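Trainee: Please walk me through this model before I set anything up with it.

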Amino acid sequence: MEHLKVKNSLRVGDADTVVPFVPMEPGKISWYACGPTVYDKSHLGHARNYVSTDIIRRILIHYFGYKVNFVMNMTDVDDKIIVKARQQRLLEHCRQQARSPEEMYQLGLDAFRHYARKYVRPIDTGIGDLDETNYADRKKRSYGKVLHGKKLRGNGQPGEEEAKIKMHLENLDAACSALQSANVFPGINEVLKPYLDSTSDNTLNTEDHSIFTDLTQHMEDLFMQDMDRLNVLRPDHITRVTQYMPKIVDFVKRLVDKGFAYQAQGSVYFDIAAFQDAGNTYARLRPESKNDKSLQDEGEGSLSHSLTGKRNPGDFALWKKSKDGEPFWPSPWGNGRPGWHIECSVMASDILGSRMDIHSGGIDLAFPHHDNELAQSEAYFCESGKGEHTWVNYFLHMGHLTISGSKMSKSLKNFQTIQDALDTAYTPRGLRIIFLMGKWNDRVEISPAMKEQADSWENTITSFMRTVKAKLADADLAHGVESLSVGQQGNSSTDMLAELQEAKKDVETALCNSFDTPQVMRILLKLVSSANVYMADNGNLAALETVARWITKMVGILGLDVNAKPPYENLGWDSTIAQDADPARVVIPYIEALRKVQSEVRQLYLHDEETSALLAQTGQEEFESVMATGTRDLEKLALPYVRIMSRIRDRLRLLPSSELLDVQRDILPLTDRIRDHDLVNVGVQLVDQADKSPHALALFAPAEELIAARNEKAAREAKNAELKEAARLEAARIASERNSQRSIHPKDMFLKDDKFSAFDQRGLPTQIRSGNQVSKSQQKYHLKNWLKQKQRYSDWLKEKYGLDSHQYQAFDEWLRETEAEGEGE
């Protein structure tokens, strides 16, 4: 096997360099991943982070064979949590208070103005106070460029600044509409919460931590549900900040005792200068950002801007003195709470010790969070005279998920929750495929084109695995054909297996190259495309099964089959029934479908021995034989009943029509109904084989998938029928108009046109309304059209009445008279 290499963020300056991965203990990996700050529902950006992390973890475990000790935290103490929980509680109190409509309106207006002044100040400037009547004009004046999808300043694509402005404007839009209505709730909520927080005088009793834990526990539960739906493996250890307070205090105290931290006005800060003076390196991951004040402030949190006493601007809080309205815990420095960065250092070190193989998280955490984690942990574990301490060997940073060029973010509110995405637009497998198609450390832009590409990949892989499995079942080889010799099947089989071996080698190379999953996805797709060509040429099943089983193993390793379990030795998407499910009850829908089909066929009163034999079968004996093997594979359990239904349909289609004239009109609709309804409704797709085999292939698939496809087909057919009928009616209308035009006597064709006021004996216009004569060029133009109409009218009379008719003779006489008059003139 090739040696695994990874992209290590600690190798600053080597953006594209991969380095050999060598764990501290052969065969084992210690790994800490930064978990979510649980203050809101998780969004697709979180899915990108944690699914990509899960993919790497699965590859390390199930492909490379490592034993991984995976630790993830839940940040349940944080400025964002405090603000949201506090504001939510204040809003609840506000809604419970009795206010007159006038008082409620005034409160909403005050909040509206406060929000605009704080977040989009230009809107609050102008003649007179801001209110719901002048808001729209001021918004357009101040942020017209942003509203039209442009940058606020300069050229280029809009970014996070514009996304934040749009978010604030959306909140103000909702509030403005609420102020114009009789009920200000819930439209006013988002602007009211920060206003209440700023005017509450900290009346909440924050000794009661349930204000905050009610929120965090609920959001943690939702997060774990999302991860389960996404087929993300549960961590081996989950840590929570609220469970680590004594250990955090001890950790900070040790840093103070070693001279790497200092107390100031009830808070404790990490002393970057002291750390560096001791020969250590600060900002290993992002040295270019270590003086970035905006990132430093973001890392400290929105509630910490008023804390003072830092020796240097870059020093960061290890322990924060709690202000009124904030939760607190006891410490040697007074009541307070931990800084964000120290939380991960303490929890990771408690489980994994003084050194770990891998630390991971989103790329946005690199500075200051991960750099500060590294500094304080190295300071904690370093020993005098032994040089710098290595706390993390490999740092893996997952790339952003972006939407319209901006990072998807809770704070920007430009996100779609995982729950909503899975309920409306994506499947867990489809979403994982999208992430697999991008490198784990690169940015992924979510788009309809990317989804379409992922769907196409999934459909190709799925169709291949289902077809191979169905061919095995059709050949009565339900247990596979691995025992058969593929070497005796000719050169084509040898070539197919050689291509498989080449694909295996290429996949290993890709995975050893820092988990290059986009390349793996291309290799799998190429192999399946070749196998499909081979299958179309009637390739032997032994080679096809070998390919399909390896494909199944790889999609299992990548986490694409939510039901599959390692070592992924099945064929196709796993269809194992739940452990507590009774197989005899699980197959009842198939039994009922079979009985329905047999009942409908009996009503045809066919005199055919083979059909009668199929109608007598129940499938029960074969089902019991399958049960005896101990399998819990739904497809194998259901196959006895599905096979009978499929063969009944096959037989009906083969019956000689000459002997069944009286029932032939009923047979074909029934065979279609068996295929499109009876079998589809239980999750079976029948595919007639191109080689004119008497048996249709029975492919198992989720019933909802097949029903959706059937409904889509019906909708398309209905739409096509509607368009066809509309085209027929239009053609009839045009034909009717043409026929109506043909029936007009040439002498009358210009009479209804009010542009003309005089005509000759043939009906040709000679004078226009103004009294002027028709010009010679117009006379020629009208004569040309008159001659055409004369011929059309003549033909129409022939068709409708005949040459000898009175009508045609009268027209012919009129023509001769007009021609004679013309000659006389």
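**Prolines, sheet and packing**

Mentor: Pro368 lies in helix 12, where helices (H or I, at least four residues) and strands (E, at least two) are DSSP runs numbered from the N terminus. Before going further, note that this is a predicted model, in which local features need pLDDT of at least 70 and side-chain atom pairs count only at pLDDT 80 or more, while totals for chains, interfaces and linings use all residues. Residues are numbered from 1 along each chain as its sequence is written, and side-chain values use heavy atoms, with hydrogens and water left out.

Trainee: OK, what kind of peptide bond joins Phe367 and Pro368?

Mentor: The bond between Phe367 and Pro368 is cis, with omega at about 5 degrees. A cis peptide bond also joins Phe185 and Pro186, with omega at about 0 degrees, and Pro186 sits in the loop between helix 5 (160-179) and helix 6.

Trainee: And helix 12, which strands does it lie across?

Mentor: Helix 12 (residues 366-381) lies across strand 3, strand 10 and strand 11, and runs at about 160 degrees to strand 10. For such values, axes are lines fitted to C-alpha atoms, for helices over the stretch in contact, and angles run from 0 to 180 degrees between N-to-C directions.

Trainee: What's the strand order in that open sheet?

Mentor: The open sheet has 5 strands in the order 5-4-3-10-11, with parallel pairing; two strands pair if DSSP finds at least two bridges between them.

Trainee: How many bridges join strand 3 to strand 4?

Mentor: Strand 3 (residues 28-33) and strand 4 (residues 67-74) run parallel and are joined by 6 bridges, with Ala33 standing opposite Met72 in strand 4. Strand 3 is mostly covered, since 5 of its 6 residues are buried, where buried means under 20% relative accessible area, exposed over 50% and partly exposed in between (1.4 Å probe, protein chains only).

Trainee: Where's the hairpin, between which strands?

Mentor: Strand 6 and strand 7 form a hairpin with 2 residues between them, and Gln265 in the turn has a positive phi of about 55 degrees. Strand 6 (residues 261-264) and strand 7 (residues 267-270) run antiparallel and are joined by 4 bridges, with Ala261 opposite Phe270 in strand 7.

Trainee: Switching topic, is Ser514 buried or exposed?

Mentor: Ser514 is buried, at a relative accessible area of 9%. Its phi is near 55 degrees, a positive value in a residue other than glycine, and Ser514 is found in the loop between helix 16 (491-512) and helix 17 (517-536). Phe515 lies in the loop between helix 16 and helix 17; phi of Phe515 is near 55 degrees, again positive without being a glycine, and Phe515 is buried with a relative accessible area of 2%.

Trainee: At what angle do helix 2 and helix 6 pack?

Mentor: Helix 2 (residues 79-96) and helix 6 (residues 189-199) pack at about 100 degrees, with their axes 9 Å apart. They are therefore roughly perpendicular (under 35 degrees counts as roughly parallel, over 145 as roughly antiparallel, 65 to 115 as roughly perpendicular, the rest as oblique). The contact (heavy atoms within 4.5 Å) includes Val83, Leu90 and Arg95 of helix 2 and Leu192, Lys193 and Asp197 of helix 6.

Trainee: What else pairs up like that, say with helix 25?

Mentor: Helix 25 (residues 703-742) and helix 26 (residues 776-801) pack at an angle of about 100 degrees, with axes 8 Å apart. Asn739, Gln741 and Arg742 of helix 25 make this contact, with Tyr793 and Trp796 among the residues of helix 26.

Trainee: Last one: which residues touch the most other members of the largest nonpolar core?

Mentor: Leu60, Phe64, Leu192, Phe464 and Ile551 do, within a core of 131 residues; a nonpolar core is a set of buried Ala, Val, Leu, Ile, Met, Phe, Trp, Tyr and Cys residues joined through side-chain atoms within 4.5 Å. Helix 18 (residues 541-557) gives this core its largest share, 10 residues. A second, separate core has 45 residues, including Met245, Phe260, Ile272 and Trp319.
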